[in-house]
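Here's a walk through the fold, one piece at a time. Keep the viewer open and follow along as we go.

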Amino acid sequence: PYVPKESLLDQLIAGSGWKTGVFLQLLKETGARTIEAARLKWCDVDSTARLITIRNPAKNGMPRQIRVSEKCVEMLNRQPRNGEYIFGKNPKNIRKRMRANFHWARGHIAAKTSNKNLLKIHLHTFRHFFATKLYLQTRDIRYVQKKLGHRSITSTTIYENSEPKQEVEQYIIKAVASKEEAIKLGELGYEPFDAIDGVKLYRKRLIEVV
């Protein structure tokens with residue numbers, strides 16, 4: 001899959017309308033499919049823990065939680081709360097509207113900046129970016145599978161051959177089964193960052209020695 005530099009996605013987010021920009025930021029940080037993002041409700045957002053829960057996955061996928069940035073939470077919290085759904089009560093109509101808004105913004109920004117690479121970006125490209133960046137950071141294809149909600153690892157393996165288009169921080173990830181293990185990892189410089197199936201995960205940035 002085509003995976004652009006992060007700066008191009010950020011350019012599209014910044015150049016889109018207020019509501020569309022929030023939608024695109026969610027796609028970028030959660031790897032959600034467009035219909036999954038359109039189905040999100042306010043109860044799926046934990047602003048304190050910065051967690052987004054995808055409870056209604058598409059394509060027979062798995063429910064999952066993804067931690068997002070403070071920027072993403074702030075953008076969400078600036079949205080008006082006119083009901084239980086974040087973007088509107090009809091997810092299919094919301095998806096169509098977001099696609100139309102995105103295509104208009106993409107064409108406008110591409111013409112304004114004379115950057116044809118922007119026209120290669122589609123809404124699903126944000127999911128590809130999320131998965132590629134996550135794999136380059138962790139080198140753990142099973143972890144990427146969980147975060148994408150794939151039931152089969154086969155759908156995820158396309159990202160194993162991803163070539164980096166931007167600088168990304170890489171991490172060593174360890175699963176913690178006890179308090180004692182957590183203390184030892186903390187002493188080694190690991191920090192808690194996520195959990196999968198009730199198992200806490202710790203990570204430490206990988207520093208390459210030249």
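This is a predicted model: local features need pLDDT of at least 70, side-chain atom pairs count only at pLDDT 80 or more; totals for chains, interfaces and linings use all residues.

Let's begin with an open sheet of three strands, in the order S1-S2-S3 with antiparallel pairing. Strand S1 (45–46) and strand S3 (64–67) are the edges, each pairing on one side only. Strands and helices here are DSSP runs, with at least two residues of E for a strand and at least four of H or I for a helix, numbered from the N terminus; two strands pair if DSSP finds at least two bridges between them. Strands of a sheet pair through backbone hydrogen bonds, either parallel or antiparallel. S1 and strand S2 (residues 51–54) run antiparallel and are joined by two bridges.

Residues are numbered from 1 along each chain as its sequence is written, and side-chain values use heavy atoms, with hydrogens and water left out.

Now for a helix pair. Helix H1 (residues 6–15) packs against helix H5 (residues 91–113) at an angle of about 110 degrees, their axes 9 Å apart. The axes are lines fitted to C-alpha atoms over the stretch in contact, and angles run from 0 to 180 degrees between N-to-C directions. H1 and H5 are therefore roughly perpendicular, a label that covers 65 to 115 degrees. Which residues meet? From H1 come Gln11, Leu12 and Gly15, and from H5 come Phe102, Ala105, Arg106, Ile109 and Thr113, with contact meaning heavy atoms within 4.5 Å.

Helix H7 (residues 141–148) is mostly covered, with six of its eight residues buried. Buried means under 20% relative accessible area, exposed over 50%, and partly exposed in between (1.4 Å probe, protein chains only). The buried residues in H7 are Ile141, Tyr143, Val144, Gln145, Lys147 and Leu148. They pack against helix H2 (18–30), S3, helix H6 (123–138), strand S4 (171–176), strand S5 (191–196) and strand S6 (199–205).

Terms used: Angles under 35 degrees count as roughly parallel, over 145 as roughly antiparallel, 65 to 115 as roughly perpendicular and the rest as oblique.
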